[in-house]
Protein chains: 2
Amino acid sequence: MLDAAPITNVMRTLADPTRRAVFERIVRTDEITVVELTRGSGVTQGAISQHLKSLKRAGLVAERPEGRNVYYRARPEGLEPLFDWMNHYGVFWRERFANLRNLLKEIDP
Amino acid sequence: MLDAAPITNVMRTLADPTRRAVFERIVRTDEITVVELTRGSGVTQGAISQHLKSLKRAGLVAERPEGRNVYYRARPEGLEPLFDWMNHYGVFWRERFANLRNLLKEIDP
DNA sequence: AGGATACATTAGTGAATGCTAATTCATTAG
DNA sequence: CTAATGAATTAGCATTCACTAATGTATCCT
């Protein structure tokens, strides 16, 4: 069985549309500051900082402070629990599909 | 840009550990009733029914009533928004992920 | 130094969430 | 028919969540 905690963290973090949009924007741009992220986000700078904190806790972003700016970048490894989870349950479907295919082969030669 | 609504639905639905465990159990077993799902779930039958309602709304499961039992089975296509999202933003696992996605496409009738 | 800028943090608030307990509805068994 | 079983639904409750407004803490600029 997969460890549930990291998957839950990643999923819960990305489930919120605003926070996921922040993450997506960080992924698209190589590095981006908080003010830039706030611009056009529809929420306050404080809210953005809170979302960044969540993303950081989930291992989805990393920060690089430089002067009074803080540059955020995506951490690809952070998505790994999600990938593992999907890979794990995709395998189940493959097995079932293989069985179904064999079954159909037997029935209809 | 991807449509955010289905991804949000799927992610929010699978983010809860209890509900995700229910889904995982449905995936592993081919078909399963509500009493069976309730057994060893740690929550009430009512709670399970509520989780099943969420899963159904998200397109992740389908039901087959038979007598006074209702059999639930997984709907692989329900995970497609999640696959699409990861395919778009999880660029780093592109190859691994593309393979998995093609696999599911074969399964999908 | 003093003001402005970038970001983080806090308290407080309304809304949503997951749960239980109890009820309801439908179906099967004795 | 009556009792029991499977499942859905409801009301109520405690907790969590996302947000704002305000404040705090650096850092840069003149």
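Helices (DSSP runs of H or I, at least four residues) and strands (DSSP runs of E, at least two) are numbered from the N terminus. This is a predicted model, in which local features need pLDDT of at least 70, side-chain atom pairs count only at pLDDT 80 or more, and totals for chains, interfaces and linings use all residues. Residues are numbered from 1 along each chain as its sequence is written, chains are lettered from A and ligands numbered from 1 in the order in which they are written, and side-chain values use heavy atoms, without hydrogens and water.

Start with chain B. Its helix H2 covers residues 17–28. These 12 residues reach 16 Å from first C-alpha to last, close to the 16 Å expected at 1.5 Å a residue. The expected span is 1.5 Å times one less than the number of residues. Several residues of H2(B) are buried, among them B:Phe23, B:Ile26 and B:Arg19. Buried means under 20% relative accessible area, with a 1.4 Å probe and protein chains only.

Now turn to chain A. It has five helices and two strands. Along the sequence they follow the pattern α-α-α-α-β-β-α. Strands S1 (residues 61–66) and S2 (residues 69–74) of chain A run antiparallel, joined by six bridges. Strands pair if DSSP finds at least two bridges between them. A:Pro65 stands opposite A:Val70 in S2(A). Two residues lie between the strands of this hairpin, where A:Gly67 takes a positive phi near 65°.

Contact means heavy atoms within 4.5 Å. Among chain A contacts between residues at least 6 apart in sequence, 54% join residues at least 24 apart.

Terms used: Buried < 20%, exposed > 50% of the residue type's maximum accessible area, 1.4 Å probe, protein only.
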